Amino acid sequence: MVHLQRDHLETLLAAVDAGTFEAAARELAITPSAVSQRVKAMEQLVGRVLLQRTTPISPTRDGEVVLRHARQVRLLDEETSRALDVADATVPGRTPSIPLAVNADSLATWFLDALALVRRDTEVVFDLHREDQDRTAELLRAGTVMAAVTAESEPVQGCSSVPLGVDRYRAVASPAFVTRYLADADTERRMTARLDRVPLVDYDRDDDLQQGFLRRVLGHAPRGPRHFVPNSADFARAVGLGFGWGLLPEAQCLDALRSGALVELTPGRRADVALWWQRWNLASPLLERVTEAVRAVAAERLHPARA
């Protein structure tokens, strides 16, 4: 059995989170040499390389296992201290920090409301990692976060997975865009066919929402010009300003559709994204509180998950 020292685990966390041994040393108030010696001592103890000495530093596969353990130890120690009303003498005034991964649209529309519920009665800070829902589970595997909103239903090893619901997206554009590019598309079938060649808005080059939507409808990806707007609120604004058409979650477009500020292009075809909540299997009251709040708000804001 491997017994890892608390100060060595904290050093590993600092090195990964800060990105360099020098930055970790400043955070821990020790020398870079001491940081390096502690990491080497851990690697000798476990007989594995734990960190890739790149810039920024990144954990190896074995390092991810130890990194997850380090975060769990820190959280449990902090929760125990709070329960006993005992301050952490090594880190005065530390407030528990929960690293979470969430996709941009959830972050912009409902996820912060869930975290606000937690903050009403709990002293905690959140370290949010914004990533596409198809990739948030990777941050769980790496030990970077303790929980994630993800499109992946299969539990990551060491995690539990529960459905949150379905985020429904509608293909929309501004009235000016429709007049300029789609005025002669007088049926939904013609409209969908025309979307193949007119400008669209993508979140970034990894965003497959619009591409996948038309692949399902037309059998191939759209061939029109693409704008890239890597921020959820700015993405919605770009669509509203007529840059191109795009798929917006209902929370960002229903009011504009009712007022006429946006036009729904394919009322008979919408895109549903099923979301899941995955979290570490850790007996943590704080992590359980976050889970309860996320599930409660998701139940109010998302469509029910399909059976």
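A nonpolar core here is a set of buried Ala, Val, Leu, Ile, Met, Phe, Trp, Tyr and Cys residues joined through side-chain atoms within 4.5 Å. With that in hand, here are the views of this predicted model.

View 1. The protein chain has twelve helices and eleven strands, and its C-alpha trace spans about 70 × 40 × 35 Å along the principal axes. Of the 307 residues, 47% are buried.

**View 2. The largest nonpolar core brings together 53 residues.** Trp 110, Phe 111, Leu 164, Leu 182, Trp 245, Leu 265 and Trp 277 have the most contacts inside this core. Helix H12 (residues 285–301) gives the core its largest share, seven residues. Elsewhere, a second, separate core of 19 residues includes Leu 12, Ala 14, Ala 25 and Met 42.

**View 3. Leu 182 and its contacts.** Once neighbours within four places in sequence are set aside, Leu 182 touches Phe 177, Met 191, Arg 194, Leu 195, Val 198 and Leu 265.

**View 4. Helix H11 (residues 250–259) has a buried side and an exposed face turned away from it.** Buried in H11 are Glu 250, Cys 253 and Ala 256. These residues lie on the same side of H11 because they cover an arc of only 150° around the axis. What do the buried residues of H11 pack against? Their partners are strand E6 (159–173) and strand E9 (246–249). Ala 251, Asp 255, Arg 258 and Ser 259 are the exposed residues on the face turned away.

Terms used: Residues are numbered from 1 along each chain as its sequence is written. This is a predicted model: local features need pLDDT of at least 70, side-chain atom pairs count only at pLDDT 80 or more; totals for chains, interfaces and linings use all residues. Side-chain values use heavy atoms; hydrogens and water are left out. Buried means under 20% relative accessible area, exposed over 50%, partly exposed in between (1.4 Å probe, protein chains only). Helices (H or I, at least four residues) and strands (E, at least two) are DSSP runs, numbered from the N terminus. Contact means heavy atoms within 4.5 Å. The arc is that of the directions from the helix axis to the C-beta atoms.
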